[in-house]
Amino acid sequence: MSTQPVTLPKDEAAAEGKVNVQINGKWYRFPKGTRIADACNSVGAHVPCFCYHPKLSVAGSCRMCLVEQGMPPRLAPGATPTYGADGYQPIQWMPRAVIACANTVAENMGIRTTSKLTSEARRGVLEFLLTNHPLDCPICDQAGECKLQEYTTDYGSGTHRFTEAKIKKGKNIPIGPRVNLDQERCVLCRRCVRFMKEIVGEEVLGVVGRGAHNAISCYPGKELDSNYSMNVVDICPVGAMTSKDFRFQMRVWFLKSTPTIDVNCGTGTNINIWTREQKVYRITPRQNDEVNSCWMPDSHRLNYKYINAPERLTTPMIKTDAGAPLRPSTWDATLNLVVEQLHKCAPAEVAIIVSARLTNEELYMARALARQLGVTKFDIVPRTGESDNMLISADRNPNTTGAKLILGKTGTGLNTIRRGVKNGSIRSLIVLGEDVTAEAGIPEQDLAELDYLLVMDHSETPTTKAADVVLPGVTFAEKYGTMVNVAGRIQRLNKAIEPVGDSRPDWDILRDITQRLGCDCPRVIACPSPMIILEEIAAEFAPFEGINWGNIGNEGKVITDTGVTIPLIEREKAKK
Amino acid sequence: MSDTPNAIEALTAHKPSPGEKFFPKFEVTPELVAEAAALVDQYPEGKEQSAVLPIIHMIQEKFGYICPESLPWIAEMCKSTPIHVAGIVTFYPGIHTMCPGKYHFRVCRTIACSLSGGEELIPYICSKIGVDPATITDEEPMAVSADGMWSIEPVECLANCGFGPNLMLNEKLYSQVTRKKIDEIIAEYKNK
């Protein structure tokens, strides 16, 4: 019989549903079924992986994640296990390495990620991967964020013994409208094949050939044209899949990435905006398992060109006479003019159309402006489409939920405003961040009939052209703020670049106008930043209670139950 | 493979072979569909894809090779995708993407046969049937004579290592093959 203490670490761990694993000499506890790779990475023992992706099935094909593994020795018949002073059995190390992605942890398992066996195994794998690799890093877009490059630096041998001719494969193949394929750079991890099959459900990619001639391919006549195709560029660990949009635009090490959210639909996909010198170069999805997993639709990803487009409004503009062209002005003069003109308007004849693309802070300020003016005709423009049953929500406004919480508006008052503009009962219109000739359905000829049209927007639209005063606001990339997505999650927008030209954040413009109109409420005029406005919102609206800029975090926080779910996330949760 | 988009187009490019005149052209007939459906039926529901290989074998037997036009049809029969079928076809060297001749030599080049003289047999057969051994490459390991009567393909082990060198003519195995024996085989089949 054993003379060991009554409770062994294995029993303690088993009671929690966990197992004890020794990683590089230290003991840790992990839930049963944890993959060795995940376990090691979670305690800082980095395991390099090409093919393993937590959201895809395990392929185990790249062999990069080899680690040295050991288990307690198998007992002879009738023998009882022996335990050391620390309560663990001795570990018998296996002479061969195992892959960390396809194997799960077990009780009393030992893992070494830094041993000689492991580093030899990694070096060998890299040497094989590089035998037919073209080594065209100087002209490869992935350079700087290439796993093959990183791992070769970390674990490779620096020289190679392969002197034979390399096998040539296809290069620069337009495999889809937005993605290019380079078969030579490929390490055949099959992440793209698995992504298209398992997440998108369109099996358009496959591996053809055999041995060193293996290559990723499409079937001729079919192409990688899914609206989620560019995610394969993100998950490709090397430069085999490149984005046609981003190719040769900028070296990635020059880019700064800012975590923020997408504003093209109500999902509020978490993204990183990559910028250099006030220019946006690309957008990539940022992992958030409650919102967008690791993915984003191409249509949203590529909708950033307007940020640095020539159509951007860079100065305030005023129309001095009816029929005269808009001419640039200064902020001070423009705001004074706006206040003077607004004072002349009868509140009953004024309507305000706000956009549900504005942040909560801007909506709060818009509400303050409406109250200051005494305007009651006041609504958002609903914008709906069809959900793609993946990540694109049927609600194409990013902040409808926030607008409902803060303004109590749902778009039903818009009809009244539209009618009022048509029949002349509304003489003045204030439009904040919308092109009302589009979804709001107010034609240009009706706008021309108005006495006064004040528009705040970031780009030139038919509405700004018809305006008497145009105030240049900013796009989502140039401001801080929060939005609430369709599922009721409040998320942060972070400023990636400075406002273009003389444009100013919308909340700032609205606060200035409200203040100049005579508002003396400190809860409006004393707000120096969206973070402080958020505190005011949190104090005033119950769902926002306890919310502040810091505790929202990069993942956001659910503040209200809308009953709406995101189909892709639901499927992912059902899989677990 | 070149550095043009043709790397993908090449996947279904027809490789003309003089041997085609000895085989019927691939055509989807009700009989063929019934035969394929019977193969698919051998697998449980949801596992139809497992029938890809049996169907490929069936087509190769009937038509000599897997022609590009048959790939989408196979995929459709097995509820699979053309790219998946193409992946399987290009993976196995035993599945031909080019039509062999009427009589198809498979010469073993695995070590036992190679040492016992198999290596020299390949160029000898090539010269006898009038093909250039240099046209036998990794990508297309088969050469067909101009009249379509003969073709040669180096293969791996034929499981008869004790009696090397071995070769197969169509489905018939010949062991301890010599140049003389090859002459005899060719003479025997030339007029058949």
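Visitor: Hi! How far apart are the C-alpha centres of domain 2 and domain 3 of chain A?

Guide: In this predicted model, the C-alpha centres of domain 2 of chain A and domain 3 of chain A lie 36 Å apart.

Visitor: How many residues does each one put into the contact?

Guide: Domain 2 of chain A puts in 26 residues, and domain 3 of chain A puts in 30 residues.

Visitor: Which strands supply at least two residues of the domain 2 side of chain A?

Guide: On the side of domain 2 of chain A that touches domain 3 of chain A, E11 and E12 of chain A each supply at least two residues. E11(A) gives the most to that side, with 4 residues.

Visitor: And what's that side like by class?

Guide: The side of domain 2 of chain A that touches domain 3 of chain A has 13 nonpolar, 12 polar and 1 charged residues.

Visitor: Oh, wait, where do the domains run in chain A?

Guide: The domain assignment gives 9-75 + 82-126 for domain 1, 133-308 for domain 2 and 317-571 for domain 3 of chain A.

Visitor: How many bridges join E11(A) to E12?

Guide: There are 6 bridges between E11(A) and strand E12 of chain A, residues 270-276, and the two run antiparallel. As one example to look for, Pro259(A) has Asn272(A) in E12(A) as its bridge partner.

Visitor: OK, so what are the values for H9 and H16 of chain A?

Guide: The axes of H9 (residues 360-373) and H16 (residues 530-540) of chain A come within 9 Å and cross at roughly 70°. H9(A) and H16(A) are therefore roughly perpendicular to each other.

Visitor: Is that crossing left-handed or right-handed?

Guide: The crossing of H9(A) and H16(A) is left-handed.

Visitor: Which residues make the contact?

Guide: From H9(A) they are Asn360(A), Glu361(A) and Tyr364(A). H16(A) brings Pro530(A), Ile533(A), Leu534(A), Glu536(A) and Ile537(A).

Visitor: How do they divide into nonpolar, polar and charged?

Guide: In the contact of H9(A) with H16(A), 5 residues are nonpolar, 1 is polar and 2 are charged.

Definitions and conventions
Residues numbered from 1 in each chain as written. Chains lettered and ligands numbered in written order. Predicted model: local features only at pLDDT ≥ 70, side-chain atom pairs only at ≥ 80, totals over all residues. Pairing = 2+ DSSP bridges. Domains from an automatic or database assignment. Contact = placed C-beta atoms within 7 Å. Nonpolar A, V, L, I, M, F, W, Y, C, P; charged D, E, K, R; others polar. Axes fitted to C-alpha atoms, helices over the stretch in contact; angles between N-to-C directions. Parallel < 35°, antiparallel > 145°, perpendicular 65-115°, else oblique. Left-handed = near helix turned anticlockwise from the far one by under 90°.
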